[in-house]
Amino acid sequence: MRKRLVKIMKRGLILATALILLGMFFPTWTPGIQGENSISWLGQTEINGTRHGIMIRGADASNPIIIYVHGGPGSSEIPYVRKYQKELEQHFTIVHYDQRGSGKSYHFFEDYSNLTTDLLVDDLLALTDYITAKLGQEKALLIGHSFGTYIGMKAAAKSPDRFYAYIGIGQVADTVRSERDSLEYTIEQAKIAGNEKDVKRLELLRNAIEQGEAYTPRNLVRKYGGASRLIDDNRDYAFGFLVNPEYNGLDVIRYFRGISVSQDLLLEEEAKNSLPRIVKKLEIPAYFVMGTYDYMTSVKAAKDYFDVLEAPVKDFVIFERSAHYPQFEEKEKFAAWLRRIFDRITQSGS
């Protein structure tokens, strides 16, 4: 009986080990899309000297290209974004890529100690050239989200001819001003909820935040609805990591390693080089898209930046039910808005 039990345990251990290895190393892919000229591709391509993980999806590969710059720093949205872009895939070819040192673009033996946003901008411009050549088009629509707007704005300013327009979702602006807004909002909400412990914690951070030496704790911004209202992005990540085929176990490790090596470095650069001071003008249409309840990147700080930004066409768009993710929280409304804006841009010849 004992020998039989040991044999069963050994088999169980072998099976468990096999399942773990399968989860770690299974080939990743992205599901197909119906349509004779559809595209659904996930792979690695060398861009500007390093391999980048790229996902391209659309019902018709001849549709206009969207290049999407994720935030974080380091927070790829490839693991879960499919669920929010089904409508957009019918009208655009959408390109997501993991930035250098992030997610699928993190490589264990590469040195990221000299990573800068200028390098990420050059990567983005090289990626744009690769994608437009691959799909036989001249330009793309550039969309940045959160920290991705810092990279996107700099890229749009450096090389406007590559893009139809720039769209910043959860637009980065004056970081210190934004964090002050986040702090006041979070303290107010904690007081309303009667959570004195959170209030005390935030008040202890006040001086550092107001001096630009710290950020309002993101777990508390999330707790009080300043990150998302209509979705749970943390749950989306967990589900994507566990179930969706775009990431395997090794990619999840790479994702968290990438955040650990890049986030502090890039956020320090952003804090020292406020975006409104370095990008004051765009030569293409510019749209800032904000959720009313966004306190990851505050609406007031973004509006102050918008008011002084020079652009041939510009608009400040508020999604009234959303926080930091209006493109996901109100995805149908966002898709309809984006189609209207793109038609307007192309019809005007911008």
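**Talking through a predicted fold**

Of the 350 residues of the protein chain, 53% count as buried (under 20% relative accessible area, with exposed over 50% and partly exposed in between, using a 1.4 Å probe and protein chains only). This is a predicted model, in which local features need pLDDT of at least 70 and side-chain atom pairs count only at pLDDT 80 or more, while totals for chains, interfaces and linings use all residues. Residues are numbered from 1 along each chain as its sequence is written, and side-chain values use heavy atoms, leaving out hydrogens and water.

Biologist: Happy to start with the overall build: how many helices and strands does the protein chain have?

Modeller: Helices (H or I, at least four residues) and strands (E, at least two) are DSSP runs, numbered from the N terminus. On that count, the secondary structure of the protein chain comes to 13 helices and eight strands.

Biologist: And what radius of gyration does the protein chain have?

Modeller: The radius is taken over C-alpha atoms, and the globule rule is 2.2 Å times the number of residues to the power 0.38. For 350 residues that rule gives 20 Å, and the chain comes close to it, so it is as compact as a globular protein of that length. The radius of gyration itself is 21 Å.

Biologist: Let's look at helix α11: which of its residues are buried, and over what arc do they fall?

Modeller: Helix α11 spans residues 299-308, and its buried residues are V299, A301, A302, Y305 and F306. Seen down the helix axis, they line one face, because their directions (from the axis to the C-beta atoms) fall within an arc of 165°.

Biologist: Which exposed residues sit on the face of α11 turned away from its buried side?

Modeller: An α-helix has 3.6 residues a turn, so residues three or four places apart point the same way. On α11, the face turned away from the buried side carries the exposed residues K300 and V308.

Biologist: Now for T216: is it buried or exposed?

Modeller: T216 is found in the loop between α6 (196-210) and α7 (218-223). Leaving aside neighbours within four places in sequence, T216 has contacts (heavy atoms within 4.5 Å) that include E179, L202 and V221. With a relative accessible area of 1%, T216 is buried.

Biologist: Last one: what is the relative accessibility of I67?

Modeller: I67 is found in strand β3 (residues 65-69). Beyond its neighbours within four places in sequence, I67 is in contact with residues including V95, Y97, L124 and I143. I67 counts as buried, at a relative accessibility of 0%.
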